[in-house]
Amino acid sequence: MIRKHSATLHGHRTSFSLEDPFWLELKTIAAARAMPIAQLIVEIDDVRGADSNLSSALRVYVLDWIKSNTERSAAGDM
């Protein structure tokens with residue numbers, strides 16, 4: 001299910017839509033990095049391309065995070 005979420009980015013309120021699994025994974029990533037989820041969202045927003053919307057940038061970040069951690073785990077098994 002896609003849900004609307006809100007965040008304040010550099011003093012401006014914005015909203016974005018994310019499927020529940022992406023939202024839960026973002027919360028897990030924020031916890032793993034010992035940071036508030038709002039700070040993680042700001043960080044992702046700051047580096048996203050001008051042609052990318054925030055929802056897409058958040059999904060790509062989650063995918064990249066999962067892929068990089070999977071690759072690290074696989075490399076550790078060798």
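1. R33 is partly exposed, at 31% relative accessibility. Its salt-bridge partner is E43, with the closest N and O atoms 2.7 Å apart. This is a predicted model, so the note concerns computed geometry. E43 sits in helix 2, while R33 belongs to the loop between helix 1 and helix 2. The two are 10 residues apart, and the pair links distant parts of the chain. E43 also counts as partly exposed, at 30% relative accessibility.

2. How many salt bridges does the structure hold? The count is 4. Side chains of opposite charge can pair when their charged atoms come close. Two further pairs are taken up in the next points.

3. R3 and D20 form a salt bridge, their closest N and O atoms being 2.8 Å apart. R3 lies in strand 1 and D20 in helix 1, so the pair ties together parts that are 17 residues apart in sequence. R3 is partly exposed at 41% relative accessibility. D20 is partly exposed too, at 23%.

4. E19 pairs with R59 through a salt bridge of 2.8 Å, N to O. Here strand 2, which holds E19, is linked to helix 3, which holds R59. The separation is 40 residues. E19 has a relative accessible area of 22% and is partly exposed. R59 is partly exposed, also with 22%.

5. The largest nonpolar core has 18 residues. Which of them touch the most other members? They are F16, L26, L40, I41, I44 and L58. Strand 1, strand 2, helix 1, helix 2 and helix 3 each supply at least two residues of this core. Helix 3, spanning 54-76, gives the most, with 5 residues.

6. L40 deserves a look in the viewer. Leaving aside residues up to four places away in sequence, L40 touches L26, I29, A30, R33, M35 and Y61. One of these contacts, R33, is the residue that forms a salt bridge with E43.

7. Check the backbone at H10. Its phi is near 55°, a positive value in a residue other than glycine. Most residues other than glycine have a negative phi. H10 is placed in the loop between strand 1 (2-9) and strand 2 (12-19). Is H10 buried or exposed? H10 is exposed, with a relative accessible area of 56%.

8. Phi of A34 is positive, near 55°, and A34 is not glycine. A34 lies in the loop between helix 1 (20-32) and helix 2 (37-47). At 70% relative accessibility, A34 is exposed.

Note on methods: Residues numbered from 1 in each chain as written. Predicted model: local features only at pLDDT ≥ 70, side-chain atom pairs only at ≥ 80, totals over all residues. Heavy atoms only, no water. Helix = DSSP H or I, 4+ residues; strand = E, 2+ residues; numbered from the N terminus. Buried < 20%, exposed > 50% of the residue type's maximum accessible area, 1.4 Å probe, protein only. Core = buried A, V, L, I, M, F, W, Y, C linked by side-chain atoms within 4.5 Å. Contact = heavy atoms within 4.5 Å. Salt bridge = Lys/Arg side-chain N within 4 Å of Asp/Glu carboxyl O.
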